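Here are my notes on the model you passed along. Have it open while you read, as I go through the points in turn.

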Amino acid sequence: MTVGRFTRVLRTVFFTAVALVSLSLGGIVCLMCQVLAGRDAPTYRVEGFVVSHERGALPVGGEGGVSHTLSIVAGGRQYRVTAVDPGLDLPAGQPIVLDVSTADGGIAYLRAGGGVVDLRPGVVRPVLLIAAALLALGAVYFGAVRLNVYPPVATWLALALGAMLAPIAVFVRV
């Protein structure tokens with residue numbers, strides 16, 4: 001194999017690797033944006049009641065903390081909620097109101113006895129993952145152009161390919 005042919009094979013393999021890394025990092029960004037959008041999706045209210053309540057120790061670092069697991073029937077559906085919040089210390093039969101997300105059907109808020117418990121996922125982890133994926137994507141492209149393994153036009157083609165295929169990877173997951 002000549003040096004010129006080896007270089008072409010290396011460029012092809014490297015271009016494919018950059019495109020696949022772009023796809024996976026772009027998929028992470030899209031997935032985390034979807035998580036953030038689902039967190040703040042509109043909700044609808046349903047009334048129900050607590051069917052059962054179990055208390056348990058925290059699985060990790062459970063010093064003094066108690067987890068609450070509630071079985072709830074509301075709007076003709078059965079829900080199960082586990083959290084550490086003391087606002088979930090509700091007796092069986094307690095009437096409650098749920099704010100259910102239209103995005104994923106999960107419980108966003110639980111209202112009982114004048115208190116409101118926020119059960120939505122946090123924002124720190126998705127935001128950190130988005131930032132890390134974008135930094136990694138920038139590093140991959142900077143390294144590819146800097147190493148001059150293939151021309152900058154191919155780098156932008158890989159970026160476009162990753163950007164176009166990333167939403168497909170997200171929706172195939174669903």
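The points below cover the sheet, then a few residues in it, then the salt bridges.

1. Ground rules. This is a predicted model, so I go by these limits: local features need pLDDT of at least 70, side-chain atom pairs count only at pLDDT 80 or more, and totals for chains, interfaces and linings use all residues. Residues are numbered from 1 along each chain as its sequence is written, and side-chain values use heavy atoms, with hydrogens and water left out.

2. The sheet. Six strands make an open, antiparallel sheet, and their order is β3-β2-β1-β4-β5-β6. The edges belong to β3 (77-83) and β6 (115-118); each has a single partner strand, so one side of each is without a neighbour in the sheet. From one strand to the next, the twist averages 30 degrees. On terms: strands are DSSP runs of E with at least two residues, numbered from the N terminus, and two of them pair if DSSP finds at least two bridges between them.

3. The β4/β5 pair. Strand β5 (residues 107-112) runs antiparallel to β4, and four bridges join the two.

4. Asp 99. Beyond residues up to four places away in sequence, Asp 99 touches Thr 43, Tyr 44, Arg 45, Gly 106, Ile 107, Ala 108, Tyr 109 and Arg 111, where contact means heavy atoms within 4.5 Å.

5. Asp 99 and Arg 111. These two form a salt bridge, with the closest N and O atoms 2.9 Å apart. The pair links distant parts of the chain, since Asp 99 sits in β4 and Arg 111 in β5, 12 residues apart. Arg 111 is partly exposed at 26% relative accessible area, while Asp 99 counts as buried. A salt bridge here is a side-chain nitrogen of Lys or Arg within 4 Å of a carboxyl oxygen of Asp or Glu.

6. The other salt bridges. How many salt bridges does a search of the whole structure find? The search finds seven. Among them, Asp 40 meets Arg 39 at 3.3 Å, N to O, and Arg 120 meets Asp 118 at 3.0 Å. Arg 120 is partly exposed at 22%, as is Asp 118 at 38%. Salt bridges that share partners join Arg 39, Asp 40, Asp 118 and Arg 120 into one network.

7. Gly 56. This residue lies in strand β1 (residues 43-57) and is partly exposed, at 28% relative accessible area. Setting aside neighbours within four places in sequence, Gly 56 is in contact with Val 66 and Ser 67. Gly 56 and His 68 are 12 residues apart in sequence, with their C-alpha atoms 6.5 Å apart in space.

Note on methods. Axes are lines fitted to C-alpha atoms, for helices over the stretch in contact, and angles run from 0 to 180 degrees between N-to-C directions. Buried means under 20% relative accessible area, exposed over 50%, partly exposed in between (1.4 Å probe, protein chains only).
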